[in-house]
Structures are given as C-alpha cells and as structure tokens.
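The report below treats helix packing, a pocket and some backbone details in turn. Please read it beside the sequence and the model.

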Amino acid sequence: MLARLARWGKAAEDTVLVLLLSAMIALATSQIVMRNLFDSGLIWADEALRLMVLWLALAGAVAAARADKHISIDVLSRFLPPIGFRLARTVTHLFTAGVCGAIAWHAWRFVASSREYEDTLLGDQPAWIFQVVLPVAFALMAWRYLCLALTAFVALFAKRRGDAAS
Amino acid sequence: MIVFGVLLLLLALFGAPLFAVIAASALASYSREDIDLSALVIEFFSIAEMPVLLAIPLFTFAGYVLSESQAPGRLVRLSQALLGWMPGGLAIVSLAACAFFTAFTGASGVTIIALGAILYPALAQSGYDSKFNLGLVTSAGSLGLLFAPSLPLILYGIVAQVPIDDLFLAGILPGMLMLFMLAGWSLWVNRGTAQPLAAFSWQKVASALRESVWDLPLPIVVLGGIYSGYFAVSEAAAVTALYAIIVEVFILREIPLRQLPDIMRESMLLVGGILVILGVSLASTNIMIDIGAPQQLLAWISGFVSSQTSFLLLLLLFLLVLGAILDIFSALVLVVPLILPVALQYGVEPVHLGMIFLATMQLGYLTPPVGLNLFIASYRFERPITEVYAATFPFLVILLLSVIVITFWPSLSLVFL
C-alpha cells in the first residue's frame with residue numbers, strides 16, 4: 001500500500017518536472033521567435049516563465065528530498081562508526097523535517113493572507129493559486145525527511161539486533 | 001544565541017541539508033527581531049521575480065543532455081585534430097576540452113564523469129605517468145568555470161546584480177590564464193617524454209569538423225546571440241536546451257526519447273537544490289542587511305586593513321577557507337551579499353570581485369576535506385582518495401598562482417569592459 005503510494009508519488013513528481021520543463025522550453029523559445037520574426041509576443045509569457053522557475057525549483061527540491069540529494073557539507077559523519085552515522089542521520093533528518101514543516105506552516109499563512117487581500121498575478125488571476133505550491137512543496141519535503149528520519153532510526157535498532165545475534 | 005549558532009554549525013557539518021540550516025538561522029533571526037516569520041516565505045517567493053533565473057534550469061538541462069550524448073567524444077576528437085600536433089598534445093587537448101565542456105555543463109562534476117572516462121584511459125595509453133594523469137583529469141574537471149555560459153557566473157550576476165554579459169566578457173582572460181598556466185605546466189612536466197599525438201592534418205581536422213557539424217553551432221548561437229543582442233541570457237539558455245534536444249534526440253538519435261524524462265529529472269534535482277538554497281539565502285541576506293551586518297563587517301575589517309592590497313589578500317585567504325568547506329553555489333548566495341558592500345568600499349569592482357570569488361571557489365573543488373572533484377575522481381577512477389589528493393596537489397598550486405594573478409591584476413578581468 002505504502003509502496004504503491006510511493007510509486008505514484010514518484011510518477012506524479014516526474015510528470016510535473018517533465019511537463020514544467022518542457023512547457024518552459026516551448027514558451028521561452030516561442031517568445032524569441034515571435035519577437036524577432038513577428039515583432040510580437042504573449043504579454044503574460046515573461047511572468048508565467050518566472051512563476052514556472054519557482055514551481056520547477058520547488059518540484060526539483062521535493063524530488064531531491066526523496067533521493068536525499070540536497071546540497072550539504074557532511075564532513076564529520078563519514079568519520080563516525082555505522083551506529084553513530086545512523087544516529088547523526090536520524091537527528092539531521094528530523095531537524096530538516098522540522099524546518100520544512102515550519103516553512104510550510106508560514107507559507108500557508110502567507111498564502112492565506114494573499115487570499116484575504118485578493119493579490120493578483122498574471123493580470124487578474126488570484127495570486128494564491130500560484131503561491132499555494134510553496135506550502136505544498138515544503139509540506140511534502142517535511143514528510144519526506146520525516147520518512148528518511150524514521151528509516152534511519154529503525155536502521156539504528158536493526159543494526160543493534162544484528163550485532164546481538166552475531 | 002551563540003549556542004544555537006554552534007548547534008546549527010554542528011548540524012551542517014554532520015550533513016544536514018544546507019538549505020535547512022540557512023532557513024533555521026534566518027527564522028531564528030527574524031523571531032529575534034520580532035519580524036513575522038512568513039517574511040521568509042515572501043523572500044523565497046521573490047525567486048519568481050528574477051527573470052535571469054530562467055537560465056539556470058535551462059542551461060543545466062542542456063548540459064545534462066550533452067553529457068549523456070556522444071558529444072564529449074566528438075569534442076575530444078575535434079580537440080585532438082586541432083591541438084594534437086603540439087608536444088604534450090593530449091594533455092593540452094584534455095585541458096581545452098574539459099574547460100569548454102565545463103562552461104556548458106556548469107561544473108557540477110559531470111565533466112569528470114563524461115570526459116574523464118574518455119581522457120583518463122587515453123592519457124594512460126599515450127604513456128603519461130598515472131599520477132600526472134589522475135591529477136590532470138581531476139583538476140580539469142572544474143576548469144572553465146570562468147567561461148560563458150557557466151552556471152556560477154550567471155548566479156554571481158544574479159546575486160551581485162551585475163550584468164551577466166559583462167561577467168561573460170570578464171571571464172575570458174582570467175579563464176585563459178588558468179588554462180595556459182596548467183597547459184604550460186603539463187608541457188614542462190612531460191618535456192622529456194611527451195610526444196606529439198600526431199602530425200597536423202587538414203584531413204583529420206576536416207573529418208572531425210564534419211563529425212561535429214551539429215555541435216558546432218551551439219557555442220556560436222549561444223555566445224553570438226548574447227553578444228549581438230539578438231537574445232538575452234535566459235533566452236540563449238532556452239535556445240540551447242531546445243537545440244540540444246533536437247540534435248541529440250531527433251537528428252543524431254544518440255539519446256532515446258524515453259530517456260529524456262530521466263535526464264530532466266536528474267538535472268532538476270540539482271536545480272531544485274541550488275534554487276532552494278538561493279531562496280532561503282535571500283531571506284537570511286535580507287535580515288543580515290537589516291541588522292547592518294555588512295557595515296559591522298566593514299567596521300571590523302577597517303580596524304586592521306587600510307589598503308586595497310591588504311584587503312584583497314585577506315579576501316583571498318577567507319575565500320580559500322570558504323571554498324574548502326562550502327560548495328560554490330551556497331558560498332555565492334550566502335557570502336557575496338555580505339562582502340560586496342565591503343569590497344566596494346575598498347575600491348574593488350563588482351565584476352573583478354566575481355572573478356576572484358569564482359576563481360578561488362574553483363580551487364575549493366580540489367581541496368580537502370570536501371572538494372567535490374576529488375571524490376568524484378576517486379569514485380570514478382577507483383583510486384584511493386589520498387592518492388587523488390597527492391596527484392592533484394601540483395595542479396592546485398598552479399591554479400593558486402593563477403588565482404593570485406587574477407586577484408592582484410584587476411585589468412585582466414576588466415579589460416574588455
């Protein structure tokens with residue numbers, strides 16, 4: 001059940017990334033063609049492209065969280081014994097989950113206030129529709145890091161049991 | 001507060017993602033200054049207000065497509081045909097090809113993986129000493145960082161608010177200097193043994209050119225388009241991405257269409273990682289400027305640094321340490337907003353500062369403990385990391401010399417502006 005959910009999640013994530021990037025390439029290049037050949041262009045295109053960069057960044061960040069591939073320094077933990085390494089991972093993942101959760105919460109408040117003040121983007125579209133990706137993405141990242149922390153935590157005990165058995 | 005700072009530092013050193021560490025410190029500073037914490041999100045959202053940022057996902061994706069195709073092999077063969085007649089030809093070929101490739105792929109380690117795999121065995125076959133060989137391929141993996149349209153150059157332009165075309169021009173001579181110094185050293189080391197690869201032959205050049213006929217327009221379109229004013233940097237990135245797909249997937253058919261989503265995903269992992277750090281750094285920079293951190297830094301430094309020369313020396317030392325512990329993208333977005341106002345007070349041009357910053361950070365790819373190239377080379381060529389350290393050391397010294405020249409000779413960076 002959970003495995004299927006994870007598979008669907010990854011498929012959804014990949015679809016979003018591929019669609020956004022393809023749309024971005026298509027829109028940006030068609031703008032160049034229209035401007036240089038026909039001296040015209042879509043008025044909303046530049047703003048839409050900038051919003052797509054934000055979405056793509058967040059979608060990429062969620063995907064990177066799944067693979068635990070976010071940029072980090074990590075100089076100390078490789079000197080740790082396996083148990084210490086798993087313990088360090090449990091702590092750093094929990095910390096990251098907490099930070100992402102906090103950002104998600106404040107992003108949610110940001111979106112709510114933007115809705116309340118009826119901010120608009122792309123002409124007269126309600127801004128919150130475009131901004132709601134912020135809390136969603138950070139909530140997903142928080143969830144992801146929580147899972148990673150649990151995995152590391154469980155591995156901590158699995159290793160202990162393995163030691164006791166041998 | 002100090003305890004919290006030390007705790008964050010420890011978390012970072014034990015491998016917590018940098019974006020989370022930066023966000024936590026920004027949130028803490030906001031709450032200390034009684035600013036609503038959703039200010040962090042507002043700052044983050046300003047990612048959607050920077051038109052040039054579009055260049056980052058597009059160039060990164062194009063770079064990944066190129067490195068998955070046969071383009072690296074064609075680039076090596078073309079460089080061989082053009083430069084192989086020189087004594088020590090293959091070493092020069094390796095340096096030139098790596099620099100060119102890195103400029104297009106953004107120094108994320110793909111150069112070592114894509115080109116190193118071809119050059120490493122080729123150098124060994126031509127009788128180069130294995131230690132020299134390993135050092136050359138490892139250090140060449142981040143050469144070309146100063147050439148357009150490399151990702152760090154673009155990011156510096158965004159963070160420092162310097163026109164990116166200026167940076168592209170400024171990088172030419174400093175980048176050449178690094179290339180020539182490494183090439184000169186390679187010739188000197190192998191002066192007794194290095195043989196020319198082959199006599200120069202127009203026939204070979206012609207066949208290599210014919211083979212690369214689809215790749216050659218790429219640098220011309222990108223650089224020509226930007227400098228002639230036909231399109232902006234972000235548009236050049238869009239053209240590059242589209243062109244790379246059309247050529248590698250549909251014309252040359254080196255990448256099957258069904259592999260494209262995987263390449264998109266892989267490249268966007270890197271982009272997501274960089275832009276999330278940029279987003280939270282915007283927030284942390286904002287609060288640091290609010291509490292006057294650059295002024296405090298300046299007041300502190302001006303206590304013991306009076307001349308531009310001594311400031312540059314201090315800057316160089318600081319950046320060397322910074323580059324050894326932080327990756328180039330995080331260092332850029334975190335540190336540039338702080339030191340730029342200080343550097344301006346000492347009469348350092350923003351463009352020159354960018355060259356110093358990036359050139360020094362390039363050394364960070366090769367310095368222990370976190371030098372990315374060292375690990376990639378160790379992993380890719382299956383050599384112990386200590387052996388890679390030792391092999392790379394002489395190249396590191398040469399590059400350090402070039403960084404010193406770049407730092408204390410501003411006109412090298414500014415001559416075209």
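Axes are lines fitted to C-alpha atoms, for helices over the stretch in contact, and angles run from 0 to 180 degrees between N-to-C directions. The model is a predicted one, in which local features need pLDDT of at least 70 and side-chain atom pairs count only at pLDDT 80 or more, while totals for chains, interfaces and linings use all residues. Residues are numbered from 1 along each chain as its sequence is written, chains are lettered from A and ligands numbered from 1 in the order in which they are written, and side-chain values use heavy atoms, with hydrogens and water left out.

Helices (H or I, at least four residues) and strands (E, at least two) are DSSP runs, numbered from the N terminus. Two helix pairs are set out here.

| Helix pair | Axis separation | Angle |
|---|---|---|
| α16(B) and α18(B) | 8 Å | about 45° |
| α5(B) and α6(B) | within 9 Å | roughly 135° |

Angles under 35 degrees count as roughly parallel, over 145 as roughly antiparallel, 65 to 115 as roughly perpendicular and the rest as oblique; α16(B) and α18(B) are therefore oblique to each other, and α5(B) and α6(B) are oblique as well. With contact meaning heavy atoms within 4.5 Å, α16(B) uses A293(B), P294(B), L297(B), L298(B) and I301(B) to meet L338(B), I339(B), P341(B), V342(B) and Q345(B) of α18(B). That contact of α16(B) with α18(B) comprises nine nonpolar residues, one polar and no charged, where Ala, Val, Leu, Ile, Met, Phe, Trp, Tyr, Cys and Pro count as nonpolar, Asp, Glu, Lys and Arg as charged, and the others, Gly among them, as polar.

On a 1 Å grid over the protein atoms alone, a pocket is an open set of points where a 1.4 Å probe fits, with protein on both sides within 12 Å along at least five of seven lines, and lining residues have an atom within 4 Å of a point. The second largest pocket holds about 1,200 Å³, a volume being the space filled by probe spheres set on the points, which are joined across faces, edges and corners. Its lining has 38 residues, and L9(B), M288(B), L334(B), V335(B) and L338(B) are the closest to the centre of this pocket. By class, the lining of the second largest pocket contains 33 nonpolar, five polar and no charged residues.

In the backbone, the peptide bond from A148(B) to P149(B) is cis, with omega near -5°, and P149(B) sits in the loop between α8 (130–140) and α9 (151–160) of chain B.
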